[in-house]
Every structure is written in C-alpha cells, then in structure tokens.
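Hi,

Here is the structure I promised to pass on. Have a look first, and my notes follow below.

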Amino acid sequence: MSLDFPLLGERVLLRPFAPGDAPAAHGIYGDPEVMRYVGAGEAATPDTTEQMIADYRRHQREHGFAFWAVIERSTGRLIGDAGLEVTRFGTELGYTLARDAWGRGLATEAAALCVEAAFGPLGLSRLVALADVENPASSRVLEKLGFRPDAAPDEIATDIGSPDAAAHSWASPPGTVIVYGRPHRRFVRDGPAPGRR
C-alpha cells in the first residue's frame, strides 16, 4: 500500500504537501469564494492553513494517502489540493482548486488521479464523496468520474461542525447528510472486483 510520487496527469501532478507550501496554499484557502463550499464555508487564517498542511502530512504518514498538493505542470504553481481522507463516511475523495483554475477540467483530472491511486496501488474497494447541494459543479465532477448518488439512507451528521445541525427541520432525502449545518449529497464509487485490476 504505497504510492510513487508524483502522480502525473496531462496538465497536473499530485505530490504530498510540504511545510513550505503554506504561503501558496493560503492564497487558495484564504479566498472566501474558493472556500464557500469547503468545510465550514469560511476562509482560512494563515494559522489554519498551516494546521491543515500539518494534518495532511500526518494523515499521509498514518494511512499512506491524504490530500495532496495539485501542481499545474506548465507553470509549477500550486493550484489546490486533491486526495483521500478517512472520515466517518469511509475513505472520502475531495478536491479544492484556486479560483483561476476553475472551469478548465483540472479538478476532474486531479480527482481522476486520486481515484486511479485508490483502486490501483492503494487497493481500496470503495470511495465516497460529499458535494454541497448548492455546488452542482462538484457533483458534475464526481459523475464524470463514475460516482453515483448514494440512495441508501444515512444518518444526519449532527456532530460535524455545526452544533445546531440537530435542530434542522429540513427533511433529508436518502443519501443526504448535514455537514456544518448544510445539506450535502453523498456519492459512492466501487472499485474493481478483487483480482480485476
């Protein structure tokens, strides 16, 4: 269960975050528009960005995968993150790109590298992903990658982020979870059957 880095795509590469990435990463995580549908929906402070990178590095050491830095190959610029994280929902795929990288298919390319790593060298059997219901672009990326909405009922995630999530009178359709007080669609993708890699 190990990966050889960088993970190479046509226009992006993925590699583990390094401590020196914090200033460039903060240019992304500190942008309120970028962070609108990420986590609690708030721009990160410089200290929060440093902590996020430290958490990604710890997760990489503990699990052999994490959220990785997305580098634009033509410029060498860090343009976001994409990767895998162990959460209460399973091994979750996620991605966040700088605003000037939107609409160019780079999120799909970066996320595809993560899916290939998950079902290839990492040997995972299932991935989950969450997309804020008000962010259809993220749902489209997941659908392009072969994810499907999870129609199985799920508990409402009252312990993630917002303490008042339990007070929601909102009726959740199957496969929807509340994260940080906002409804998210849950998507799943199964890997190849054992022995069919």
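Is Y56 buried or exposed? Y56 is buried, at a relative accessible area of 13% (buried means under 20%, exposed over 50%, partly exposed in between, with a 1.4 Å probe and protein chains only).

Before the rest, some housekeeping. This is a predicted model, where local features need pLDDT of at least 70 and side-chain atom pairs count only at pLDDT 80 or more, while totals for chains, interfaces and linings use all residues. Residues are numbered from 1 along each chain as its sequence is written, and side-chain values use heavy atoms, leaving out hydrogens and water.

Back to Y56. F17, Y56 and F67 form one aromatic cluster (rings of Phe, Tyr and Trp, the last by its six-membered ring, pair if their centres lie within 6.5 Å; planes under 30 degrees apart are stacked, over 60 edge-to-face, the rest tilted). The structure holds three aromatic pairs. In one of them, the ring centres of F17 and Y56 are 5.3 Å apart with planes at 35°, so this pair is tilted. Y56 also makes a tilted pair with F67, at 5.5 Å centre to centre and 45° between the planes. Y56 lies in helix 2 and F67 in strand 3, so that pair ties together parts 11 residues apart in sequence (helices are DSSP runs of H or I, at least four residues, and strands of E, at least two, numbered from the N terminus). F67 is buried too, with a relative accessible area of 13%.

Helix 2 (residues 46–63) also holds H59, which is buried at 8%. A polar atom of the H59 side chain lies 2.7 Å from the backbone oxygen of F65.

Cheers

Note on methods:
Polar contact = N/O pair within 3.5 Å; in protein donor to acceptor, adjacent residues only side chain to side chain.
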